[in-house]
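Please keep the model in view while working through the numbered points.

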Amino acid sequence: MTANQTKILQVIKDSGPICAPEILKTLKQHNVYLNKTTVYRNITSLVDKNLLREVRVDPEKSYYESAELEHHHHFICQNCGKIRKVINAELEQVIEKIEESFMSSGITISKHDLEFFGTCNNCH
Ligand SMILES: [Zn+2]
Ligand SMILES: [Zn+2]
């Protein structure tokens, strides 16, 4: 991993899920001045190395989080864009049952994504 990649990964670990423009801003606050192209290129390479995971919560922007995090879902505030982790064992049990029923009909499920959208406490 290059020095730039280490810095980018640290920002994402500290405040992910985070989008590329926010990563740039946070790096600047830490006096790390990288241009947009460099940041985007390094993000892509970190995703390829399975160190980062893309979170698809916004069709217009890609958010990233550490790939080391345990399996979870997200809640996204549609007003301020705040993202919260959702970890729920009961939910996973239900999903597992659904996946098993897929398998019994010959369909293989490799992963699932589930995100919740709404308005957060601060935005009510
Ligand atoms: Zn909000
Ligand atoms: Zn799940």
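1. Tyr 64 touches Ile 12, Gly 16, Pro 17, Ile 18, Ile 43, Leu 52, Arg 53, Glu 54 and Val 55, leaving aside residues up to four places away in sequence. Two residues are in contact if their C-beta atoms, placed from the backbone, lie within 7 Å.

2. The model is predicted: local features need pLDDT of at least 70 and side-chain atom pairs count only at pLDDT 80 or more, while totals for chains, interfaces and linings use all residues. Residues are numbered from 1 along each chain as its sequence is written, and chains are lettered from A and ligands numbered from 1 in the order in which they are written.

3. Tyr 64 also belongs to the largest nonpolar core, which has 17 residues; Ile 8, Ile 12, Ile 23, Ile 43, Tyr 63 and Tyr 64 touch the most other members. A nonpolar core is a set of buried Ala, Val, Leu, Ile, Met, Phe, Trp, Tyr and Cys residues joined through C-beta atoms within 7 Å. A residue is buried if 20 or more other C-beta atoms lie within 10 Å of its own, exposed if 12 or fewer, and partly exposed in between.

4. Which elements each supply at least two residues of this core? They are α1 (3-15), α2 (20-29), α3 (36-48), β2 (52-58) and β3 (61-66), and α1 gives the most, with four residues. Helices (H or I, at least four residues) and strands (E, at least two) are DSSP runs, numbered from the N terminus.

5. The axes of α1 and α3 come within 10 Å and cross at roughly 80 degrees. Axes are lines fitted to C-alpha atoms, for helices over the stretch in contact, and angles run from 0 to 180 degrees between N-to-C directions. The two helices, α1 and α3, are therefore roughly perpendicular (the term covers 65 to 115 degrees). Asn 4, Gln 5, Ile 8 and Leu 9 of α1 meet Thr 38, Val 39, Asn 42, Ile 43, Ser 45 and Leu 46 of α3.

6. β2 and β3 run antiparallel, joined by five bridges, and form a hairpin with two residues between them. Two strands pair if DSSP finds at least two bridges between them. Arg 53 has Glu 65 in β3 as its bridge partner. Strand β1 (residues 18-19) also pairs with β3 in the antiparallel sense, over two bridges, and Cys 19 has Tyr 63 as its bridge partner there.

Terms used
Angles under 35 degrees count as roughly parallel, over 145 as roughly antiparallel, 65 to 115 as roughly perpendicular and the rest as oblique.
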